[in-house]
Amino acid sequence: MTDTPSPTPDQLVAGLIRLLTVEKRAADIYAGPPQQDGIGRVFGGQVLAQALQAAQASVTDGKRAHSLHAYFLRGGREGAPIEYRIERDFDGRSFANRRVVASQEDEHGTAVPILNLTASFQLPEDGLEHVDSPMPDVAPPEDLRPDIAIRREIAEQWGDKMNEAQRRLMLRPRPIEMRSIDRLHWMSSEPSEPRAHSWFRVCAPITGADDTPELHRAIITYASDYTLLGTSALPHGLSWMRNELVGASLDHAIWFHRDARADEWLLYATDAPWSGSGRGFNRGRIFNQAGELVASVAQEGMMRKRVKK
């Protein structure tokens with residue numbers, strides 16, 4: 001049996017762009033394509049990014065998204081399209097607001113909401129500026145090993161302790177290239193400070209008609225759901241990868257401070273100031289390599305210790 005060749009970086013990025021390209025079906029109704037060859041449950045970043053893309057498609061007067069706030073209601077099913085319905089709550093001279101309901105048919109064929117998202121848009125303008133959030137002093141991405149190389153080593157070392165789904169998830173080629181400054185949390189059972197740092201970018205340049213600020217915002221939104229929830233697990237020395245936790249994202253918020261390219265290295269610095277009551281609260285700051293803060297993120301998620309039977 002011949003192994004299926006791995007997709008090239010350009011193919012991976014082209015697939016991500018297709019995934020995040022929503023199709024207009026009717027006035028203010030869009031459909032997002034499904035992820036192919038997935039793991040059964042829709043990645044939260046996919047739904048966030050597709051919902052933002054639908055909202056962005058309905059704003060055509062030069063305004064750009066500066067924030068979004070979303071609640072995850074149900075887990076989505078991979079392999080089925082997701083419908084995004086837009087409500088135009090406000091259109092002003094400088095600002096606009098869009099409300100998006102993402103729905104998907106359940107196993108009975110009934111459309112049920114899986115996410116609610118509100119996005120705010122603003123015409124670009126000059127204003128008072130200050131930044132009180134310096135970029136952490138960390139190793140540059142060129143000095144770090146790609147996470148995929150580390151995951152391959154772990155799969156070889158611990159392969160007998162993983163089920164097939166975990167192994168497939170760990171080794172799956174990804175369009176988002178990541179390089180972690182800290183030891184990957186799922187490699188250690190030692191409690192540590194609730195802080196993590198990683199660089200990310202798409203693994204090939206974005207060019208041509210696809211190269212728009214809207215797409216770069218959508219990809220940053222997609223990637224912002226990586227690593228974030230796991231930060232609140234660090235003080236407890238527990239990991240989803242080792243089947244020690246049960247969790248799911250509950251809400252997600254992003255504030256875009258300036259334009260940024262998703263095909264250039266961005267630093268994701270996350271921290272978790274609190275966990276309790278079966279939930280963990282996580283924050284993230286995204287910087288470009290010039291040290292400029294380009295986005296801020298916040299997320300709360302369900303986090304429960306798995307009860308062994």
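1. Strand S3 (residues 64-72) gives the largest share of the lining of the second largest pocket, with three residues. Keep in mind while looking at this that the model is a predicted one.

2. On the pocket itself: the second largest pocket holds about 670 Å³ of space. Its lining is made up of 19 residues, and those closest to the centre are Gln-122, Glu-125, Phe-256, His-257 and Arg-258.

3. What kinds of residue make up the lining of the second largest pocket? Seven are nonpolar, five are polar and seven are charged.

4. Phe-256 turns up again in another contact. Arg-217 lies over the face of the Phe-256 ring, 5.4 Å from the ring centre. Phe-256 is also one of the residues closest to the centre of the second largest pocket.

5. Now for the aromatics: you'll find four aromatic pairs in the structure. Take Phe-200 and Tyr-268, whose ring centres are 6.1 Å apart; their planes sit at 70 degrees, and over 60 counts as edge-to-face, so that is what this pair is.

6. Where does that pair sit along the chain?

7. One more group to click on: Phe-43, Tyr-222 and Tyr-226 come together as one aromatic cluster.

Note on methods
Residues numbered from 1 in each chain as written. Predicted model: local features only at pLDDT ≥ 70, side-chain atom pairs only at ≥ 80, totals over all residues. Heavy atoms only, no water. 1 Å grid on protein atoms, 1.4 Å probe; cavity = no way out; pocket = protein on both sides within 12 Å on 5 of 7 lines; lining within 4 Å. Points joined across faces, edges and corners; volume = space filled by probe spheres on them. Helix = DSSP H or I, 4+ residues; strand = E, 2+ residues; numbered from the N terminus. Nonpolar A, V, L, I, M, F, W, Y, C, P; charged D, E, K, R; others polar. Phe/Tyr/Trp six-rings, centres within 6.5 Å; stacked < 30°, edge-to-face > 60°. Lys NZ or Arg CZ within 6 Å of the ring centre and 35° of its normal.
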